[in-house]
Amino acid sequence: MDHETVVKNMVETSHVLYNKGLVPGKSGNISVKFVKDGLNVVAVTPSGSSFKTLKETDIVLVDLEGNIVSNTNHVPTSELEMHLNIYKVRNDVGAVVHTHSPITTGFAFSDEKIRRFEGFGPIEEEFLKVVDYHPPGSSDLANTVSEGLLNQDVVVLKDHGMVAVGKNLDEATLLAEFVEDSAKIQFVKKMLMSN
Ligand SMILES: [Zn+2]
């Protein structure tokens, strides 16, 4: 996939995520790994921007060490290290979607775990994996999340949000949507069955 297509796809996806309510305010960041001029690069959303108004010129390109390759007037997301660490430990991953989707994040702030539902691959474990809290943007969070994703494609970040990965952006986005819907179903079920 060429640079232009990657960036266009990222902007469209950002708007979809925003319109579905998965990245309220200025939360959330996404990235795509691809090859440009023989070099592995990562296109990533900028720091402090809303997905509502994100445009193609906002996307920053970095190498796998985090050096900015193009669009130097924008600062990459503060969660860049988390994205890069995931690509380092998961060669098969081509895109990362990080959201603070409200229902999933509500679960992340409670002691209740999100049950896995039919609809996205075989169910091997009963609940989605939750990784320990570390401050957003920290190396500890980047390491904890990438380790958590070694054996699965989604982790819930304690007191923070979730991260989904896929071989491309569409896969990662569909998984992020599915996780939020799973949390919603479980929440509704719990409410209806509570009396
Ligand atoms: Zn976050």
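Me: Which residues of H4 do Glu81, Met82, Asn85, Ile86 and Val89 in H2 meet?
Reply: This is a predicted model in which local features need pLDDT of at least 70, side-chain atom pairs count only at pLDDT 80 or more, and totals for chains, interfaces and linings use all residues. Residues are numbered from 1 along each chain as its sequence is written. Helices (H or I, at least four residues) and strands (E, at least two) are DSSP runs numbered from the N terminus, and contact requires C-beta atoms, placed from the backbone, within 7 Å. The five named residues of H2 meet Ser139, Leu141, Ala142, Asn143, Val145 and Ser146.

Me: How many residues in the contact of H2 with H4 are nonpolar?
Reply: Nonpolar covers Ala, Val, Leu, Ile, Met, Phe, Trp, Tyr, Cys and Pro; Asp, Glu, Lys and Arg are charged, and the others, Gly among them, polar. Beside four polar residues and one charged residue, the nonpolar ones number six.

Me: At what angle do H2 and H4 pack?
Reply: Axes are lines fitted to C-alpha atoms, for helices over the stretch in contact, with angles from 0 to 180 degrees between N-to-C directions. The axes of H2 (residues 80–89) and H4 (residues 139–148) are 8 Å apart, and the angle is about 35°.

Me: Which strands stand at the edges of the sheet, and why is one side of each left without a neighbour?
Reply: Strands pair if DSSP finds at least two bridges between them. Eight strands form an open, mixed sheet in the order E4-E3-E2-E1-E5-E8-E7-E6. Each edge strand has a single partner strand, so one side is left without a neighbour; these strands are E4 (68–70) and E6 (129–131).

Me: How many residues of E8 are buried?
Reply: Buried means that 20 or more other C-beta atoms, placed from the backbone, lie within 10 Å of a residue's own; 12 or fewer means exposed, and in between partly exposed. Gly161, Val163 and Val165 lie on one side of E8, with Met162, Ala164 and Gly166 on the other. E8 is largely enclosed by the rest of the structure, because its buried residues number six of six.

Me: What is the bridge partner of Val154 in E8?
Reply: E7 (residues 154–157) and E8 (residues 161–166) pair in the antiparallel sense over four bridges. Within E8, Met162 is the bridge partner of Val156, while that of Val154 is Ala164.

Me: Which residues touch the most other members of the largest nonpolar core?
Reply: Such a core joins buried Ala, Val, Leu, Ile, Met, Phe, Trp, Tyr and Cys residues through C-beta atoms within 7 Å. Of its 49 residues, those touching the most other members are Val145, Val163 and Ala164.

Definitions and conventions: Contact = placed C-beta atoms within 7 Å.
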